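Trainee: Could we go through this one together, taking the metal sites in turn?

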Amino acid sequence: MTPTGIRYISSREQTMQDRTGALGRLEQVVSTPEEFERVVSQALPILLERATNSTKRFLRETGQWCDDVAHEKFALRWGAEYLEQFFIAGRSEVPCRPLFLLDAVVAKQHSRPEPFCYHPDLLTPLGRLIDGLVSRAAISRDALIAVYYHCFGLGPGQVITVLGLTGPAGQRIYKNFKRWRDSGWQRTMDDMGITECEVQDLCSQLQRHPQPSNSEAERIIRIAQSHYRKSEPDHYPCLSRRQWEEMFLEGYGSDYRIWHLALCLDCFTAAWDLGFRGAAAIEKPRVEFHVRP
Ligand SMILES: [Zn+2]
Ligand SMILES: [Zn+2]
């Protein structure tokens with residue numbers, strides 16, 4: 001579930017003046033749920049930044065920080081998770097000062113025994129594999145493209161068609177596939193500590209019971225996607241069928257298409273046939289999980 005207020009959290013268009021004003025309002029008491037929602041919705045970039053910075057500080061203080069993209073994305077998506085919890089909790093916490101309520105929500109999460117466990121179902125072998133794949137996708141374009149293969153069995157040509165890519169953007173997809181098959185997949189398995197034996201077990205499980213295994217995979221994919229999609233606020237919001245249609249027809253937003261459709265099953269299903277431009281009647285895609293690259 002995505003609260004509507006959390007849809008646009010990119011900070012690009014906010015000026016310094018907007019920010020100072022919004023910060024002041026967040027320190028004042030809000031008395032009703034509606035007022036809470038309004039004040040908070042107008043200040044999402046500031047709140048996201050604050051939750052993200054608290055998370056960075058927590059990681060530094062606990063010796064878990066490292067200056068790289070992976071850690072930046074990690075802090076960003078946890079900031080967004082906390083912001084979402086704050087947005088839901090806040091309505092019943094009025095009267096309150098939103099800025100301080102956010103701090104309290106974040107501090108409470110950080111004091112839990114496992115502050116960064118977003119779902120217990122990801123501790124099974126299949127859960128770890130999907131979590132590893134999708135977490136990699138948040139920082140590696142090769143892994144992001146591989147999601148289309150692992151989840152739906154699409155090959156490079158199909159990925160290019162489904163995403164409506166043309167020219168060099170299309171050519172790059174072949175390179176993504178090749179690098180992933182040559183080394184990316186194996187490196188991800190090694191990093192996640194997933195053994196060859198576990199891989200074999202998962203493969204035979206999928207072969208013997210394709211239907212229940214794929215339903216289970218779909219359930220886990222949705223959980224992982226909604227978490228990791230938060231790593232990139234600019235490409236986070238879901239679009240309507242009309243908006244996707246316009247994007248495909250006009251040919252803009254290829255990064256948006258590549259990122260979001262890999263990490264959102266609902267939008268992927270909604271936009272599925274747009275790349276074909278009416279060339280053929282195609283069945284809706286179904287999750288058909290592939291363990292090996
Ligand atoms: Zn746990
Ligand atoms: Zn979506």
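Trainee: What's the relative accessibility of Cys117?

Mentor: Cys117 counts as partly exposed, because its relative accessibility is 24%, and that class lies between buried (under 20% relative accessible area) and exposed (over 50%), using a 1.4 Å probe and protein chains only. This is a predicted model, in which local features need pLDDT of at least 70 and side-chain atom pairs pLDDT 80 or more, while totals for chains, interfaces and linings use all residues. Residues are numbered from 1 along each chain as its sequence is written, chains are lettered from A and ligands numbered from 1 in the order written, and side-chain values use heavy atoms, without hydrogens and water.

Trainee: And what coordinates the zinc ion (ligand 1)?

Mentor: Glu114 (OE) and Cys117 (SG) do, at 2.7 Å; donors are N, O and S atoms within 2.8 Å of the metal (3.2 Å for Na, K and Ca), and sites may look incomplete because water is not among the atoms.

Trainee: Where do Cys238 and Cys267 lie?

Mentor: Cys238 lies in the loop between α11 (210-228) and α12 (241-250), and Cys267 in helix α14 (residues 265-271), so the pair ties together parts 29 residues apart in sequence; helices are DSSP runs (H or I, at least four residues), numbered from the N terminus.

Trainee: How about the relative accessibility of Cys267?

Mentor: Cys267 is buried at 3%, whereas Cys238 is partly exposed at 24%.

Methods
Helix = DSSP H or I, 4+ residues; strand = E, 2+ residues; numbered from the N terminus.
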